[in-house]
Amino acid sequence: ALNEARRLAPLLIGRVQVLKKLKSWIRETERGTIGSRVGWFSGAPGSGKSLLMARLAAELANGKPDRHGLYYHRFQRGDQQNSRRAFLQQLQQALLNWVPLIGVAPPPNRSEMSGTALEADVLERLSQIADLPLSAGATPRTFRVLIDGLDEVIDAEPSLPALIHRLAVAGTVFLVAGQSVPGLFSAFATPESAHPLPQGLPRLADSDVRAMLLERTQQFRSTALIRRDAYDRDGNYVGNAFIDRVVRHAAGLPLYVQYVVEDLVAGRISDNDEAKLRSGLDAYY
């Protein structure tokens, strides 16, 4: 799963302040300054929450593995990982591979890899983290779990939010993201859940939309959008007809920008065809 996160992470443009806020929430939770160990934030379709979670996972994975364990899971419809059992089995494996827990408990037997015994085994391993010896500098060890796309599985696995809250024992931090569908809104609107992004994932700033569009097209060497920049007689930037139209239609949603890039690369439109741009993400759908 971390390989997928590392593949997606470079696609994120902007979101620097949001990343800082999520990392700060994780650190404060680990220090015990926040009551809940489960954090939830929502994002509208196309808002880039999966890229954000992937970047967060990739950056956290570069930390000290002996101090902070990490498990990243992305639920997607139609994927074999899109189930409660797959989530628990892979979390179990991540705990077995985390160096501070090696030797603390024996590997699970066959009966502990499915059903209720699987959950009990994972919970037991997570519960042992709080009793681990302090690492260098007397910093308690913690295990971080990042879960993306919970809305993709909630209809088939409605008990997952309750499971996540049960697993969030001392020594753990769970950060969960998804669309704010009814079942999830109520499941995380509780005192046991924190909301590091209270208003949900904000939409991209206009400057981020421009940066994303220019970077993507330069990667594919397919357009020269920068040549459309216009300046007044004093050399002040006054606009770019194509980019300005993309900014307006994107409404802060990076997925719209990505679709425009794909149209440019495929030759369906050119960097002079702002009049042909679709009028928003719904027009692509």
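Buried means under 20% relative accessible area. Keep that cut-off in mind for this tour of a predicted model.

**Stop 1: Trp 40**

Select Trp 40. Its relative accessible area is 5%, so Trp 40 is buried.

**The aromatic pairs**

A pair of aromatic rings is described by the distance of the centres and the angle of the planes. How many aromatic pairs does the count come to? The count is seven. One of them joins Trp 40 to Phe 188: the ring centres are 4.8 Å apart and the planes meet at 5 degrees. Planes under 30 degrees apart count as stacked, so Trp 40 and Phe 188 form a stacked pair.

**Stop 2: Phe 188**

Is Phe 188 buried or exposed? With 0% relative accessibility, Phe 188 is buried.

**Stop 3: Tyr 71 and Phe 87**

Now select Tyr 71 and Phe 87. Their rings form a tilted pair, with 6.0 Å from centre to centre and 45 degrees between the planes. Tyr 71 belongs to strand E2, residues 68–74. Phe 87 belongs to helix H4, residues 84–97. Tyr 71 is buried at 6% relative accessible area, and Phe 87 is buried at 1% relative accessibility.

**Stop 4: Phe 75**

Together, Tyr 71, Phe 75 and Phe 87 make one aromatic cluster.

Terms used. Residues are numbered from 1 along each chain as its sequence is written. This is a predicted model: local features need pLDDT of at least 70, side-chain atom pairs count only at pLDDT 80 or more; totals for chains, interfaces and linings use all residues. Side-chain values use heavy atoms; hydrogens and water are left out. Rings of Phe, Tyr and Trp (its six-membered ring) pair if their centres lie within 6.5 Å; planes under 30 degrees apart count as stacked, over 60 as edge-to-face and the rest as tilted. Buried means under 20% relative accessible area, exposed over 50%, partly exposed in between (1.4 Å probe, protein chains only). Helices (H or I, at least four residues) and strands (E, at least two) are DSSP runs, numbered from the N terminus.
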